[in-house]
Amino acid sequence: MANLKGIAEALIEGNADKVKELVKTAADEGVEAKKILDEGLISGMEVVGVRFKNCEIYVPEVLVSARAMHAGMDILGPLLVASGVKARGTFVVGTVKGDLHDIGKNLVAMMLKGAGWKVIDLGVDVDADMFVQSALDENADAIGLSALLTTTMVNMKSVIELAKNKDCKAKIVVGGAPLTQNYANEIGADGYAPDAATAAELVGGFA
Ligand code: B1M
């Protein structure tokens, strides 16, 4: 019998094989793909996000849960497309020009995927033009900029300026270890998040 709570629990434990098996069973039994996503995978990932935010778990556990989420999505993704379920919104994310740190950015991307967003991950060392063009092409609701270096965080401002110049409507959220709310205000960002779970909450408000 479909066990959506079990899917959430297996995802929290980071048990990718079990997530895959339970998602497949639920799908084979005819449970709606969106219900499996919302009450299984996303419900589990929300718990992971809260625990991570409260420092009850750390990066390795989150990455293991992310892998389990991907395992579930491998099965669910095609079913969601077939059933015409729309993403909650589109989020373009990357690490700014000159910066190669991507672990935090990957966590943000994973949390947003877990929250049902279409995520366009541009990777690392992304220039302003690439961020803005991608957001325009994808009609994105939000852009996420990550920076880990004091020397690269300054490149966020040029993305924000270019987005304004090109009349790009996507909201811009910034984050990364050297960032602060004050700095985000100073460069005209729409939001600042100190961690990936907060980023997902913040971006969720822009759908
Ligand atoms: Co780098 N590095 N690194 N490094 N590195 C730091 C950042 C540093 C603080 C280390 C130190 O000196 N103590 C320092 C920066 C100093 C500064 O600018 N003030 C530093 C330096 C100097 C450098 C190099 C210049 C070293 C050199 O070559 N001389 C070089 C630069 C390369 C470049 O980017 N051009 C460099 C290289 C590297 C590696 C390649 C070896 C590797 C990166 C591997 C990778 O990412 N794939 C690396 C690593 C691993 C680190 C440390 C050790 C760990 C960073 C990390 O992944 N943390 C780091 C020291 C440290 O932080 N303890 C350091 C875990 C991750 C989960 O946290 O990314 O902060 P973080 O993400 C957090 C939040 O910041 C937030 O959410 C996450 C938590 O939920 N967040 C967002 C991040 N992005 C967000 C976006 C949002 C919202 C929230 O919205 C869009």
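Guide: The largest pocket holds about 470 Å³ of space. This is a predicted model, where local features need pLDDT of at least 70 and side-chain atom pairs pLDDT 80 or more, while totals for chains, interfaces and linings use all residues. Residues are numbered from 1 along each chain as its sequence is written, and side-chain values use heavy atoms, without hydrogens and water.

Visitor: What makes a set of points a pocket, and which residues line the largest pocket closest to its centre?

Guide: On a 1 Å grid over the protein atoms alone, a pocket is an open set of points with protein on both sides within 12 Å along at least five of seven lines, and lining residues have an atom within 4 Å of a point. Of the 30 lining residues, Gly 104, Gly 176, Pro 194, Asp 195 and Ala 196 are the closest to the centre of the largest pocket.

Visitor: Why is the second largest pocket said to lie between domain 1 (4-82) and domain 2 (90-204)?

Guide: Both domains give residues to the lining of the second largest pocket, so it lies between them; the domain bounds come from an automatic or database assignment. Among its 19 lining residues, Met 73, Leu 80, Ala 87, Gly 116 and Trp 117 lie nearest the centre.

Visitor: What makes His 101 a donor to the cobalt atom of the ligand?

Guide: Donors are N, O and S atoms within 2.8 Å of the metal (3.2 Å for Na, K and Ca), and water is not among the atoms, so sites may look incomplete. NE2 of His 101 is 2.1 Å from the cobalt and is the single donor from the protein.

Note on methods: On a 1 Å grid over the protein atoms alone, a cavity is a set of points where a 1.4 Å probe fits but cannot get out, and a pocket is an open set with protein on both sides within 12 Å along at least five of seven lines; lining residues have an atom within 4 Å of a point. Grid points are joined across faces, edges and corners, and a volume is the space filled by probe spheres set on the points.
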